[in-house]
Amino acid sequence: MNEQASPKIPQSVLVVIYTPEREVLLIERAKQPGFWQSVTGSKDHLDESWTATAIREVQEETGIQVGFERVPLEALQDWGVENVYEIYPVWRHRYAPGVTHNTEHVFGLCVPRDVPITLAPLEHIAHVWLPWQEAADRCFSPSNAEAILQLSQRVANPAHLLS
């Protein structure tokens with residue numbers, strides 16, 4: 001998408017990618033080194049579903065393909081949580097004038113620990129798997145950290161998602 005031709009839609013997904021052992025995948029932003037996060041991304045168009053946005057963003061940012069044998073569609077769980085937050089000033093230029101807040105819809109995605117990760121180099125420069133508590137501590141986004149902290153309550157036994 002050409003950001004200058006079309007402003008970003010202030011509706012995005014946050015996808016916490018984790019293993020059955022509750023290790024969480026974090027990726028480091030290319031343009032803001034030291035900013036670690038889960039997969040995030042905006043809808044491409046207003047009628048794109050939250051699930052379609054999540055699947056697309058996971059594939060674009062990590063190379064993980066949801067809906068195939070290694071990561072079945074059932075591994076993607078809509079957590080039914082929406083966060084509304086103020087867009088960081090450094091990123092507001094991407095949105096239409098006057099847009100200051102974004103609605104973020106949260107998902108969890110259980111994957112095998114050995115799933116290959118292929119980062120989009122213009123967006124992210126590194127990735128790391130961390131125990132969920134450490135991952136929450138490393139996130140720069142409060143809503144991302146909170147979603148990771150909820151992992152232990154939301155996911156009683158994630159191993160069944162990959163069997």
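Predicted model: local features only at pLDDT ≥ 70, side-chain atom pairs only at ≥ 80, totals over all residues.
Residues are numbered from 1 along each chain as its sequence is written, and side-chain values use heavy atoms, with hydrogens and water left out. The largest nonpolar core has 21 residues, there are zero disulfides, and the structure holds five aromatic pairs.

**Nonpolar cores**

- A nonpolar core here is a set of buried Ala, Val, Leu, Ile, Met, Phe, Trp, Tyr and Cys residues joined through side-chain atoms within 4.5 Å. Buried means under 20% relative accessible area, exposed means over 50%, and partly exposed is in between, using a 1.4 Å probe and protein chains only.
- In the largest core, of 21 residues, the ones with the most contacts inside it are Val15, Ile17, Val58, Ile64, Val71, Leu109 and Val111.
- Two or more residues of this core come from each of β1 (11–18), β2 (23–29), α1 (50–62) and β6 (101–110). Helices (H or I, at least four residues) and strands (E, at least two) are DSSP runs, numbered from the N terminus.
- Another core, of 20 residues, lies apart from it and includes Val16, Val106, Ala136 and Ile148.
- Leaving out residues up to four places away in sequence, valine 71 touches Ile64, Gln65, Val66, Leu109, Cys110, Val111, Pro112 and Val115. Contact means heavy atoms within 4.5 Å.
- As general background, nonpolar side chains tend to be buried together in soluble globular proteins.

**Helix α1**

**Cysteines**

- A disulfide needs a pair of cysteine sulfur atoms within 2.5 Å, and by this rule the count is zero.
- Cysteine 110 is in no disulfide, as the nearest cysteine sulfur, that of cysteine 139, is 18 Å away.
- Cysteine 110 is buried at 0% relative accessible area, and cysteine 139 also counts as buried, at 10%.

**Aromatic rings and charges**

- Rings of Phe, Tyr and Trp (its six-membered ring) pair if their centres lie within 6.5 Å; planes under 30 degrees apart are stacked, over 60 edge-to-face, and the rest tilted.
- Phenylalanine 35 and phenylalanine 140 have ring centres 4.5 Å apart and planes at 40°, so that pair is tilted. Phenylalanine 35 sits in the loop between β2 and β3 (36–37) and phenylalanine 140 in the loop between α2 (132–138) and α3 (142–149), so the pair ties together parts 105 residues apart in sequence.
- Tyrosine 88 and tryptophan 91 make an edge-to-face pair, with centres 5.5 Å apart and planes at 80°. Tyrosine 88 is partly exposed at 34%, whereas tryptophan 91 is buried at 9%.
- Ring pairs link Phe35, Tyr88, Trp91 and Phe140 into a cluster.
- Lysine 43 lies over the face of tryptophan 50, 4.3 Å from the ring centre, and the charged end of arginine 138 sits over the ring of tryptophan 36, 5.2 Å from its centre. The cut-offs are NZ of Lys or CZ of Arg within 6 Å of the ring centre and within 35 degrees of the ring normal.
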